[in-house]
Amino acid sequence: SSGYQRRVHGDGIKVEKNERILATDDDWIEDDDTIPNGWKSKVATNGKKCFLSRDKQVMMSRRAALKMLIKTGAVEEEVEDMRSLLTHDGWNEFSLLPQGWRFKKRDAQNLFMTRNGEIIKYHKEVVKHMRNNEEYTSSNVEDFRKFVAENLQGRRPDLMFPSDSALSNPYSGSDISLLRKLYIQGDEEESLEKIRSGLLEKGWKTSEYLPQKWMFKERTATSPHLKIVSEEGIRFSSFKQVFSFMEIDGKYS
């Protein structure tokens, strides 16, 4: 949680000694594409952005908003929309993490966010969490160790984790996560095309304005954010992200 005091106070939240943020404040901004449709945002005097839900609840972060949506049983599209917008807070998705999980580095610390928006700080705590919850399998633990080896330790994972149990059931998780996973593994183009065909059946489309094998999904009233997936299975929620990616990746220059 952030380094300032916050206390729920009636219909708003007290941020600093002299500032109370209320749902009824008149400076909420509606036109913000970093939050789901129907939500509003504003910047508090401490420089932190806060959010107002459709049902007028004040939230101090997108993660708090995600937790609230899950807890109150909001429609999946709104939950997933909020989850995809966590990229604005530095939370990133990785194919080796369980479906819905996110990761970010803060200072020297590695932070993991579970599907429900809870934060876990230590690797051994993540493994413990997975072992104590029936929704995770041993291949999730194996994948997590690979993630740590590949991204956080700079050692070759094939020397540390030779077993391939994670691949015995490759069809768990979403199609896009799977596309990413198979692409990283250097799988046959035929397998990748099969997944892309499946995405086309689910409403994803190709476009002459996107590179070959990239796809996008039309915005809808309930999900007004851009959805683009690259040939490599990487998701983007804005053109800015796409352009940054293309600049870094020499293949698209």
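**Entry 1: confidence**

Over residues 155-173, how many contacts beyond four places in sequence does the model have? I began here, since the structure is a predicted model. I found 25 such contacts for residues 155-173, a stretch over which pLDDT stays under 50. I then looked up residues 1-10, where pLDDT also stays under 50 and the model has 18 contacts beyond four places in sequence. Where pLDDT is low, the predicted coordinates should not be read in detail.

**Entry 2: the chain as a whole**

I recorded eight helices and 12 strands as the secondary structure of the chain. The chain has 253 residues, and buried residues make up 40% of them. Of the contacts with a separation of 6 or more, I noted that 37% come from residues 24 or more positions apart.

**Entry 3: the hairpin of S4 and S5**

I turned to the pairing of S4 with S5, which run antiparallel and are joined by four bridges. Within this pairing, Val43 has Lys49 in S5 as its bridge partner. Five residues lie between the two strands of the hairpin, and Gly47 takes a positive phi near 90 degrees there.

Is Ser41 buried or exposed? I looked up this residue of strand S4 and found a relative accessibility of 3%, so Ser41 counts as buried. The side chain of Ser41 makes a polar contact of 2.7 Å with the side chain of Asp32. Leaving out residues up to four places away in sequence, I listed the residues that Ser41 touches, among them Trp28, Ile29, Ile35 and Phe51.

I next examined Lys42, which is also placed in strand S4, residues 40-43. Lys42 has a relative accessibility of 7% and therefore counts as buried, the cut-off being under 20%. Which residue does the side chain of Lys42 join in a polar contact of 2.7 Å? I found the partner to be the side chain of Asp25. Beyond four places in sequence, Lys42 touches Ile21, Asp25, Asp27, Trp28, Lys48, Lys49 and Cys50. I note that Asp27, Trp28, Lys49 and Cys50 are also among the residues touched by Ser41.

**Entry 4: helix H1**

I looked up the buried residues of helix H1, which spans residues 62-71, and found Arg62, Ala65, Leu66, Met68 and Leu69. Against which elements do the buried residues of H1 pack? I recorded strand S5 (49-52), strand S6 (58-59), helix H2 (76-84) and strand S8 (109-113). Gly73 follows H1 and has a positive phi, near 70 degrees.

**Entry 5: the sheet S7-S8-S9**

I traced an open sheet of three strands in the order S7-S8-S9, with antiparallel pairing. Strand S7 (102-106) and strand S9 (119-120) stand at the edges with a single partner strand each, so one side of each is left without a neighbour in the sheet. Helix H4, residues 138-152, packs on the sheet and touches S7 and S8. The direction of H4 makes about 145 degrees with that of S8. Between S7 and S8 I found five bridges in the antiparallel sense. Lys104 has Leu111 in S8 as its bridge partner.

Most residues other than glycine have a negative phi. Lys56 has a positive phi near 65 degrees. I located Lys56 in the loop between S5 and S6, and Lys56 counts as partly exposed because its relative accessibility is 47%.

Where is Lys213 placed? I found Lys213 in the loop between helix H7 (189-201) and strand S10 (215-217). Phi of Lys213 is positive as well, near 70 degrees. With a relative accessible area of 30%, Lys213 is partly exposed.

Note on methods:
Residues numbered from 1 in each chain as written. Predicted model: local features only at pLDDT ≥ 70, side-chain atom pairs only at ≥ 80, totals over all residues. Heavy atoms only, no water. Buried < 20%, exposed > 50% of the residue type's maximum accessible area, 1.4 Å probe, protein only. Contact = heavy atoms within 4.5 Å. Pairing = 2+ DSSP bridges. Axes fitted to C-alpha atoms, helices over the stretch in contact; angles between N-to-C directions. Polar contact = N/O pair within 3.5 Å; in protein donor to acceptor, adjacent residues only side chain to side chain. pLDDT = per-residue confidence, 0-100.
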